[in-house]
Amino acid sequence: MDKEYELDLFLQTLINGILIGGILICLTIGFQLTFGVLHVIDFAVGGWTMLGGYTAYWLVTLAGIEPFISIFLVFALFLLIGRGLGPLIYRVRTSRYARPDLMALAFTFGIFLFMRGGALWLWSYNSRSVESVLSGQFLSLGPVTVPLLRLSAFIMAVLFSLGLFILLYRSRFGMAVRALAQNRDHAGLMGVDVKRISAWVYGIYTGLTASAGVLIATIYSVNPTVGIRYTLFAFFVAVLAGLGSVGGVLVAGLALGLLESYVATYIGARYSLLIVFGTLYLALLVAPKGVLGRGI
Amino acid sequence: MSDKFSRRKFLRNSLIGTGAMTLGFPALNVSAQEHKIRCGVVTSLSGANRFGGNLTRRGYDLWAEEINKLGGIEIAGKRYPVEMFYGDAQSRPASGADAAERLIIQDEVDVLFGPYTSGVTLAVQPISQKYRVPMISGSAESPNVWLAKPAFNFGMIPAVDLTTDKSMVVLAEKLGDRAKTASVIGVDEPFSKETAEGFRKGAEEADLEMLSYELFPANSDLSAIVSKLKAANPDIVAVGGHESVFINFVNTAKALNYRPKALIMHYGVTSAAFINETGAESNGILGVSVWTAGLPYKDELFGTASDYSDLSFSRWGTRPDYTEAACSASGLVLQDAARRLGKAPPWDQESRSQLAKAIEETDIETFYGPVGFAKEGSHFHNNTKPVPVVIQIKNGDVVPVAPENAAKGELAYPINEKS
């Protein structure tokens, strides 16, 4: 490969990495919120993503709805599902068991296994992808190709983050959420309805994560087994960001996307997960709280 | 002599009569009942692979129905109907092994027809060997099945490393001077890796320059791989993987404005799901099939490959793929071997061992193509005779394009031109 192509490939890798980062941000931002408030590491995150993808597939194929519009419907649907499930999670998290945090973790893992088993029963291993008006559309910036779908996912991630920021810092609901994140008992004593706010937070999280699933179904494809991969990614982005730090997700998501992209291009895709996770461990040795690990 | 009713005489005569009937009944029964050849089928009727498993069942059943219409398998001038018994592997190797043992011990089958997946086949073949029951596998494609050198298992479909190898050679020959370079990628899991290895071997045999060979984990983001392929721009890109990887590859290539000159894949390209999911993007994509209805093969039971396809369509409502065809052809192998064995069923352990030897000597022509099993080497007991057909998706249709004797349409190259 000559030098001109090498430069093109380097720049293309940069764009690929930033756009992968966008998808990781979409996936992780709700996960961070639910940890910050409920102190639950939700292992069902990949399951919600997968179900979001399949729901979008149904909406697109059965009702002919454009995926980028179906995101709002998927968000609303999973917001309600999560809101309904929220009190149960809260109950497990605040139960009188010796280690309610571990109980909650096991509980969410159980939900994940249930979702995975259900999906296998319903769809076997069949992969589904969703066609958008932006599928196959791209911007040519000189030698670099920017897929519009991935760019949209990136913009969506920025919008999710912005929306969440406004909700958390510019509304009474957000004030209650932040109070809860700082001290649940004190927030309760100050008149915050802890159970209700926690349930809504879990709803917002499931809505956001399922919406990320719509983007994933549009860009890649979904099948019942993809959940574990996205659970791992969400977990590692969250750890690198600093568990509970919504702002840190932006930095960590982009860093992870770029690292994976450059490793896959210049060392080999076979080694990308190995090197990415190895680097994460090293980063955590240096900064155990993550890049912005100060909570909400 | 008095005609007076004697209770003692009545009881004595009744006892003698009943005893005679009881003792004589089995003999009468055996002579009245025709013996059937009991065929066990172990396949995935439930679980993740139930769709493919039911395809194998269709293939085996179609053969059984057709041969029974003639009165059964002819052995030494007499016909013996076949009776099918099923064991559900539930898409799990351990359940497949249990099912096989049950079929052999409880149902006393004379012969087994093999599972849908290679994983289940690997679990079942030691059982067939333990009880010396010959097994004809209409579906397994992993080379590992044959590397284990199974004494009693025989595979109808050439292992995937052989088909991808040959298909690359066939494709390169067809393209001639237009193809000089190739890149191969594949998922880093056994089946896909073997597929990719086969493509690489074929590229080397065809003297193509290998620009790159890369394996990656399943569900990877393929943008880095596609970007590299786009920069290198090989004449042929080959992908080893399953349907979801193909869909991801096609979607990612489309998003990054890359259309390979020739894109060849193997398993899953001909599936309706792949064509539906990729839509117009599937146009021009190449695949490998061991069999198509257009091939010039025939036999006495099913007629031509085309006749078989029509028969299957009228029976099941869908056109058969190569797996279904191979399963039906498994029955033809049993017919031929049983005829040469010349022993009436039921077969004891020694007869079954002789039957396995007869299967090993198979050399027949069928609607599915030539059948003959390797007697040594890394593909021991695998039918290595079929030459894979290179197919191309053209407006949603699967069209054979190479080799010449199978071609039903022109190979469109590069695929970004009109297919």
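Visitor: How many of the residues of chain B count as buried?

Guide: In this predicted model, 57% of the 419 residues of chain B count as buried. The accessible surface of the chain is about 17100 Å², and carbon and sulfur atoms hold 52% of that area.

Visitor: Which elements make up chain B, and what box do its C-alpha atoms fill?

Guide: Chain B has 13 helices and 18 strands. Along the principal axes, its C-alpha atoms fill a box of roughly 115 × 40 × 40 Å. Among contacts in chain B with a separation of 6 or more, 67% come from residues 24 or more positions apart.

Visitor: How is a pair of aromatic rings described?

Guide: By two values, the distance of the centres and the angle of the planes. A search of the whole structure gives 20 aromatic pairs over all chains. Take B:Trp291 and B:Tyr308: the ring centres are 5.8 Å apart and the planes stand at 85°, so this pair is edge-to-face.

Visitor: Where in chain B do B:Trp291 and B:Tyr308 lie?

Guide: B:Trp291 is in the loop between β12 (286-289) and β13 (298-299), while B:Tyr308 belongs to helix α11 (residues 305-316).

Visitor: Why is B:Trp291 called buried?

Guide: Buried means under 20% relative accessible area. B:Trp291 is buried because its relative accessible area is 3%. B:Tyr308, with a value of 0%, is buried too.

Visitor: Why does the pair of B:Trp291 and B:Phe367 count as edge-to-face?

Guide: The cut-off for edge-to-face is an angle over 60 degrees between the planes. Here the planes are at 85° and the centres 6.0 Å apart, so B:Trp291 and B:Phe367 are edge-to-face. B:Phe367 sits in the loop between β15 (364-366) and β16 (369-371), 76 residues from B:Trp291. Both B:Trp291 and B:Phe367 are buried.

Visitor: Which residues form one aromatic cluster in chain A?

Guide: The cluster consists of A:Phe43, A:Phe109, A:Phe112, A:Phe233, A:Phe235, A:Phe236, A:Phe277 and A:Tyr281.

Visitor: Which ring does B:Arg57 lie over, and which does B:Arg315?

Guide: B:Arg57 lies over the face of B:Tyr86, 3.8 Å from the ring centre. The charged end of B:Arg315 is over the ring of B:Trp316, at 4.2 Å from its centre.

Visitor: Is B:Thr163 buried or exposed, and what is it in contact with?

Guide: B:Thr163 lies in helix α6 (residues 160-175) and counts as buried at 1% relative accessibility. Neighbours within four places in sequence aside, B:Thr163 is in contact with B:Pro158, B:His266, B:Val288, B:Val290 and B:Pro388.

Visitor: Where does B:Ala206 lie, and what does it touch?

Guide: B:Ala206 is in the loop between α7 (190-205) and β9 (209-216). At 23% relative accessibility, B:Ala206 counts as partly exposed. Not counting residues up to four places away in sequence, B:Ala206 touches B:Val169 and B:Ala172. B:Ala206 and B:Asp165 are 41 residues apart in sequence and 9.5 Å apart in space, C-alpha to C-alpha.

Visitor: How far apart are B:Ser271 and B:Gln125 in sequence and in space?

Guide: They are 146 residues apart in sequence and 28 Å apart in space, C-alpha to C-alpha. B:Ser271 lies in the loop between β11 (263-264) and α10 (272-278), and B:Ser271 is partly exposed at 23% relative accessibility.

Technical notes: Residues are numbered from 1 along each chain as its sequence is written. Chains are lettered from A and ligands numbered from 1 in the order in which they are written. This is a predicted model: local features need pLDDT of at least 70, side-chain atom pairs count only at pLDDT 80 or more; totals for chains, interfaces and linings use all residues. Side-chain values use heavy atoms; hydrogens and water are left out. Helices (H or I, at least four residues) and strands (E, at least two) are DSSP runs, numbered from the N terminus. Buried means under 20% relative accessible area, exposed over 50%, partly exposed in between (1.4 Å probe, protein chains only). Contact means heavy atoms within 4.5 Å. Accessible areas come from the Shrake-Rupley method with a 1.4 Å probe; for residues, only the protein chains shown count as cover. Rings of Phe, Tyr and Trp (its six-membered ring) pair if their centres lie within 6.5 Å; planes under 30 degrees apart count as stacked, over 60 as edge-to-face and the rest as tilted. A charge sits over a ring if NZ of Lys or CZ of Arg is within 6 Å of the ring centre and within 35 degrees of the ring normal.
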